[in-house]
Amino acid sequence: MSTVEPTVPPSAPTLCLHGQGVVRGYTIGRAVVMSAASLEVAHYHVSPENIDAESQRLCRAVETAVADLRQMAGTLPADAPRELAALLSVHGMLLEDPMLVQSTCQLISERHYNAEWALATQGQILVEQFSMMEDAYLRERGADIRQVIERVLRVLSGSTTWLPSLDTVQADGSFIVVARDISPADMMRLRTGKFSAFLTDLGGATSHTAIVARSLNVPAVVGMGHVRALVRDGDLLIVDGVNGVVLVNPSERILQEYRERQAAFLRERAELQQLRHAPAVTLDGMQIRMEANIELPDEAADALAAGAEGVGLFRSEFLFMGRAQLPSENEQYDAYASVASLMAGRPVTIRTLDIGADKTLDGDATVATNPALGLRAIRYCLANPDMFNTQLRALLRASRHGSIRILLPMISHMHEVRSAQRAIERAAEQLRDEGIPYADGIQIGAMVEIPAMAIAIEPFAEALDFLSIGTNDLIQYVLAIDRGDKDVAALYDPMHPAVLRLIAHTINVGERVGKPVSVCGEMAGDARATRMLLGLGLTGFSMHPQQLLDVKKEIRQAHSNALRVKVASALNRAERIDLATLS
Ligand code: PEP
Ligand code: MG
């Protein structure tokens, strides 16, 4: 991240734009504004005798775009994010879908639209259809449609890329991509290091672009609305990925302020690295366990690099998603065993399949009335015993390679715990009968994420080996706030006294019964919530690897006994606690 010297007229006003900061960090640089091919296409009618030729022009452009994607997929660097290969293949499939080409050709033949106009029109229809879908994941796929259509429009216009030639970008500057949307494939060009941030009109925190940006660790602000219309090529920009703010043509005074923030941020990151091997101990000597959440096996290396003491949550459902067939027992065994081996004896907590709600299996057409309250997670597994058995066998077999613990999601009833325990015993028995080795005595725990379980936690704490509080769902269910709905996002409140009381109760009962309790929801990785969690008596945190050091720093500066006294007295009165009083 380099800085550039500004040549801003002293009178130029500063424009302040807002969006969603996806990747933390500050950048100061010049805007490189991308054209939006689909919005600016030529509109004309083709004569009847040229309709066939126009349709063929479209088909050739689609074929070229597909070939480009294949070529890109075949030449991905070894360290490219895993999602990228999958996304390139999704884009290829969308382009090869006959519906896209056929419907566009129909517009050419029936309405005599030129190829660009027909394609942009058909694209608009598809994007609107996607935007009306109930499923949030499918709604976001509208962005993929838009991106593949822009790719074909670029081919039709004779240009293969919409990014400027990197050769024309001076090597010593810092350049910021400003676009309506960026396809993951184009995002890869940011890897050259020539672009130091990106801003987009579209996209949300879970969009593919955001996912790739996170893995590239490039400061980014998405969902800005009209940034592409408001910013001109060459404008000087400050990107504040921490707060999701972009300042256009800032004054010298503001620039100076942000240069200082940027330097402080980089110093802070560098200093934090020194904490990698430092113990997570509070000022009054309370030892805290710091573990990592992972979605895919290869992220275990990130967990180790960040100094995690184990994997507190491996969301195994990501092995099952985005594919036509379920992973076999052997494929699962390999995945679990590889994490267990890499973690070399450190605990690896693998959550059994948490499918349902916003995480669906490909080809599962079940429409639940209210998926968040439907056949999700353990409910789904107990209703699909063969699938559950395959996963349990793989987990038991892999447990020989390290210290695997089984974590059951979405438990609300004791009979679910007993059924799951019986299923684990049955899987072990089968392996024994077949002479397949596995480790005895695997620990079994459960997510505490349904209020009923947290309120009546005692028998669960007695029956299980450990508890892990899933604050993401616990908050959603306590406050009746859909965690993925931006319209009620302001009401999603981790600090609500009712939420805090349930966390405190779970921790207290765990302490009494002698069972370890941790938090693996997003709250554990938010350094602003660390003191509150310590005050609630929490001694086990699990979070994304990149958040570990921020939280560890906070722990090392806190006094846990003093926090416990403050938090307990406020909670007794069901008062809202001002976080400032905890610092
Ligand atoms: C949670 O609910 O807090 C949790 C960690 O699980 P997920 O986010 O996968 O639902
Ligand atoms: Mg959950």
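The legends below describe close-up views of the ligand sites in a predicted model. Residues are numbered from 1 along each chain as its sequence is written, and chains are lettered from A and ligands numbered from 1 in the order in which they are written. Local features need pLDDT of at least 70, side-chain atom pairs count only at pLDDT 80 or more, and totals for chains, interfaces and linings use all residues; side-chain values use heavy atoms, with hydrogens and water left out.

**View 1. The shell around ligand 1.** Ligand 1 is surrounded by 15 residues (a heavy atom within 4 Å). Arg-315, Arg-351, Gly-470, Asn-472 and Arg-483 are the closest. By class, eight are charged (Asp, Glu, Lys, Arg), three nonpolar (Ala, Val, Leu, Ile, Met, Phe, Trp, Tyr, Cys, Pro) and four polar (the others, Gly among them). Helix α17 gives the largest share, three residues.

**View 2. Polar contacts of ligand 1.** Polar contacts are pairs of N or O atoms within 3.5 Å. Oxygen atoms of ligand 1 lie 2.8 Å from a polar side-chain atom of Arg-315, 2.9 Å from an N or O atom in the side chain of Asp-473 and 3.1 Å from one in that of Glu-449. Taken alone, ligand 1 exposes 290 Å², of which the protein buries 99% (Shrake-Rupley method, 1.4 Å probe).

**View 3. The magnesium ion, ligand 2.** Glu-449 (OE) and Asp-473 (OD) coordinate the ion at 2.0 to 2.2 Å; donors are N, O and S atoms within 2.8 Å of the metal (3.2 Å for Na, K and Ca), and water is not among the atoms, so the site may look incomplete. Glu-449 lies in the loop between β13 (443–448) and α15 (451–455) and Asp-473 in α17, so the pair ties together parts 24 residues apart in sequence. Helices (H or I, at least four residues) and strands (E, at least two) are DSSP runs, numbered from the N terminus. Both Glu-449 and Asp-473 are buried (under 20% relative accessible area, 1.4 Å probe, protein chains only).

Methods. A polar contact is a pair of N or O atoms within 3.5 Å; within protein, one must be able to donate a hydrogen and the other to accept it, and residues adjacent in sequence count only if both atoms are side-chain atoms. Buried means under 20% relative accessible area, exposed over 50%, partly exposed in between (1.4 Å probe, protein chains only).
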